[in-house]
Amino acid sequence: MTPPEAKNIIQSLIVMNETLKQGIFSEQVHQALLLASEALDKFAKQEQPNNTLANKEDLKTPLYCLVYTSLASQKMSDDNLKYFLQIIRHKNQLRQLTGMLLYLDPFFIQALEGEETVVNQLFDVIKKDSRHHKISLIYKKPITERHFANWTMGFSKISYKDIETLDGFSDFLQKPSIEFFNRSNNEVDELLYKFKHEILF
Ligand SMILES: Cc1cc2nc3c(=O)[nH]c(=O)nc-3n(C[C@H](O)[C@H](O)[C@H](O)COP(=O)(O)O)c2cc1C
């Protein structure tokens, strides 16, 4: 199976998963999607070291990654999050956007990857969304390849217990604040990459 074939299968699974509302079948599709994504990730790394999306994509403007943090305006239940993700994943797929969203109640950390103009336009919309506030840009930079190429928006919910064992988070654990993320780019990246493999739904 070639990477484009595998990618098509994954995209079909993503669409299927998003259309299935609930139940055991949806969970099975989700598991299949995770396995297929991991297999493709490994395959792409082993067989096609230079075959990045950046090379393959016909980009009008450079590939960019934007990372921000914010505070959720209300507690988000799993059902709310699932519904919300279903919608934004569909929108991102249409705009060739990929990324990762972390929810560490009440904080959001989001990485958005795609064409610079598309990323900037979406961030302008996201900044005005009343479901969160205190939006704070962590960084915005050109990238040569996507770090979340297989995710139209990966999602993981992190607990405070999850980060107790990680270095560099003691200040945050003592006094959780958005300011911590603003001065800790490395820790923000660490969370994004660590939890990329622990997609919740
Ligand atoms: C934390 C957070 C993350 C979001 N991420 C995305 C996203 O990745 N893609 C997206 O299209 N909308 C995202 N949204 C939703 C947008 O703010 C906005 O509601 C949506 O894009 C509006 O689409 P519309 O103008 O087509 O109605 C996010 C909202 C929040 C609160």
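Visitor: Which residues come nearest to the ligand?
Guide: This is a predicted model, where local features need pLDDT of at least 70, side-chain atom pairs count only at pLDDT 80 or more, and totals for chains, interfaces and linings use all residues. Residues are numbered from 1 along each chain as its sequence is written. A residue is near a molecule if its C-beta atom, placed from the backbone, lies within 6 Å of it. Of the 13 residues around the ligand, the nearest are I88, K91, I126, D129 and R131.

Visitor: Which elements give two or more residues to that shell?
Guide: Elements here are DSSP runs numbered from the N terminus: helices (H or I, at least four residues) and strands (E, at least two). The ones that give two or more residues are α4 (78–94), β3 (107–115) and α5 (116–127).

Visitor: What is the order of the strands in the open sheet?
Guide: Two strands pair if DSSP finds at least two bridges between them. β1 and β3 pair antiparallel over nine bridges, while eight bridges join β1 to β4 (residues 132–142), also antiparallel. β2 (residues 98–104) pairs with β3 over seven bridges, again antiparallel. Overall the pairing is mixed, and the five strands come in the order β4-β1-β3-β2-β5.

Visitor: Which strands have one side left without a neighbour in the sheet?
Guide: Look for strands with a single partner strand. Those stand at the edges, so one side of each lacks a neighbour: they are β4 and β5 (154–157).

Visitor: At about what angle does α9 run to β3?
Guide: Axes are lines fitted to C-alpha atoms, for helices over the stretch in contact (C-beta atoms, placed from the backbone, within 7 Å). Angles run from 0 to 180 degrees between N-to-C directions. α5 lies across β1, β3 and β4, at about 150 degrees to β3. Helix α9 (residues 185–194) lies across β1, β2, β3 and β4, and its angle to β3 is about 80 degrees.

Visitor: Which residue in β3 is the bridge partner of L102?
Guide: L102 touches several residues, among them F108, I109 and L192, not counting residues up to four places away in sequence. Its bridge partner in β3 is I109.

Terms used: Two residues are in contact if their C-beta atoms, placed from the backbone, lie within 7 Å.
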